[in-house]
Amino acid sequence: MIAVELSKLLRRPRTWVTITLLAGLPVIVGIFLKTTGIAPRPGSGPALLSEVLNNGVLFPAAALALILPVFLPVGVAVIAGDAIAGEASAGTLRYLIARPVSRSRLVLSKIVMALCFILLAVVIVAVVNFIAGAALFGIKPLTSLSGTGLTTKEALLRTLLSIAYIGWSMLGLAGIALFASTRTDSPLAAALTALAAFVTSQVLDLIDAARVIKPYLPTHYWLSFVDLFRDPILWRGIQRGVLLQAVYMIVFLGGAWASFNSKDIKS
Amino acid sequence: MTVVVRTEQLTKRFPGGLLAVDHVDLEVHEGDLFGFLGPNGAGKSTTIRMLLGLIFPTEGTVEVLGQAVPRHAQRALLDVGSLVEGPGFYPYLSGRRNLTLFDAAGAGGSRRTRDARIDAVLERVGLAEVGRRPIKAYSMGMRQRLGLAAALLRTPRLMILDEPTNGLDPQGIHELRSLFVELVRSGTTVVLSSHLLAEVEVICTRAAMMASGRLVAQDRVDALLAPTGTVLIESPDAVDAAATLRSRQLLVEWIDATHLRAHLDGYPSEDVNRLLVDAGVRVSELSRERRSLEDVFLDLTGGETADAARAVLPAPVVDGAPGGPWAGSYPAPSDGARDGSSVGSSETPSATAPPPPPSPPNEWPDPVPTPGGSR
């Protein structure tokens, strides 16, 4: 069943359109930076972008930082929100269940599909923008955000770690979208529900009045990946982020499983 | 006789209180071409979805091919092909690719024989030429056929088809009927639901009727359609005919100036014919009156649901004109036009009915043994 899901993911034009858009946006930004030579001042603008003009090594990480606040979550919400509700609206869900495919296996293969999409998206964005960064800005040894020197090899390793972390950061949102996807027959409604949760989390993370719950918001530690480029690496936020995403994932995946296993399929 | 589908006191009450299926006891035997009838909203689809493990019953039990559903649905449904309220496909993939993925989903589809099986079913439903086109380019009839191809892919022992002729043109319906008859002949049990009673009357061997969530009848179709003990007579000398029959103490009703209904009360219908001819009465047509499934249904449900039923059933028969959208594609009365009189069904008196249209070319070829099937 997992192979079937992956085949559908890879053969679906939407997957590649989404990934192309995700990878293309940072390239556009990079071209603007290169042609104008105007980079955001350090500490302002999207994370790491102030550094890329000097060194293309940071560009893949900066590219991920660019799509992390909005575009990547939207893509994940759309793909994961479509997982079950899309089958319902296409009329294929009833045939899968009557095939018979066990409901638990279907939910499992859907989450694997969503994870593969996230992985595919961040890896392609990173690779495309590594090439773009190298072409536009060149590759030099890196100075860490803390001011010490990093070898190119070390910089690449940290870029890989940040790719993994950003991918992992999407787990909570994917779980929420998948849960919503079992509760409705409309893929749009499921994606919007997940996006509503995402925006709520972002808003609450900005206001001081919500201070007590901030550490538990799914988006709170997203930008902690920047800490991977400090020397030494600040692990605290990253560890918490990894753990928090795992908890969200497990809770909502459990919810999706329970919800789907007791659902009357009327689509 | 092996029972392939059995429900006992099957009940579904949806959240909100709607009682969609109300204590239904169904029994489908191996080899049946089973018609599952009733107006829209009678609970047929909900029942079928419970058979397929899609909807969970509130009460009662379901057994399909000897296994309890939904508990053992994974085993029960392996040998079941289904079509539920229209086919469903991934529009961005080709028909072939859809079948491949469908077969690969879940247990039971052998990868080794997959291509050959897909070729065979596409051939069988007449889509061999267009299998590689994306679904987006398929007409509604083609999608319906592809849905059937998917249902046939694993050579099922039991086919459960919900409104399989929806959206098909008369020729498509004709082809589908031939396919169903073929399937039953080759040993598959077919359950098909329909709101068109006349459609089922033509091909089914057994039928169940639902109205407002309850099962109102379940029997062999020929038993449901048993002769009513009346004959219809058309004669230019209808007055003499009536007098002749009344002289034998037969009760006669006038339908119009040339049509009579005679209540035989045990009097053999062939003797009615001789009686009239001997008395010098010219007879244009004489037929044993049979009830249609529609009449049976309306009798069983009474006035309560008759309006709802009429709204979706073929138009009632008026003055011997065949009613219903598919009346023109009924087979010609099999034992008609013997000795100047015809013994057809009451719905298609041959004197007034238009000649049946020429049989469309049969695009459903004879069943080919499907490689790799379970039988």
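Here is a short chat about a sheet in chain B and the side of that chain that touches chain A.

Modeller: This is a predicted model, where local features need pLDDT of at least 70, side-chain atom pairs count only at pLDDT 80 or more, and totals for chains, interfaces and linings use all residues. Residues are numbered from 1 along each chain as its sequence is written, with chains lettered from A and ligands numbered from 1 in the order in which they are written.

Colleague: In what order do the 6 strands of the open sheet in chain B stand?

Modeller: Strands are DSSP runs of E with at least two residues, and helices are runs of H or I with at least four, numbered from the N terminus. Two strands pair if DSSP finds at least two bridges between them. Here the pairing is mixed, and the order is β7-β8-β9-β4-β10-β11.

Colleague: Why is one side of β7 and of β11 in chain B left without a neighbour in the sheet?

Modeller: β7 (80–83) and β11 (214–220) of chain B stand at the edges, so each has a single partner strand. For β7(B), 4 bridges make the link to a parallel strand, residues 158–162 of chain B, namely β8.

Colleague: Which helix supplies the largest share of the side of chain B that touches chain A?

Modeller: Contact means that C-beta atoms, placed from the backbone, lie within 7 Å. By that rule, 23 residues of chain B meet 23 of chain A. Both α2 (73–76) and α3 (95–104) of chain B give at least two residues to this side. The largest share, 3 residues, belongs to α3(B).

Notes: Two residues are in contact if their C-beta atoms, placed from the backbone, lie within 7 Å.
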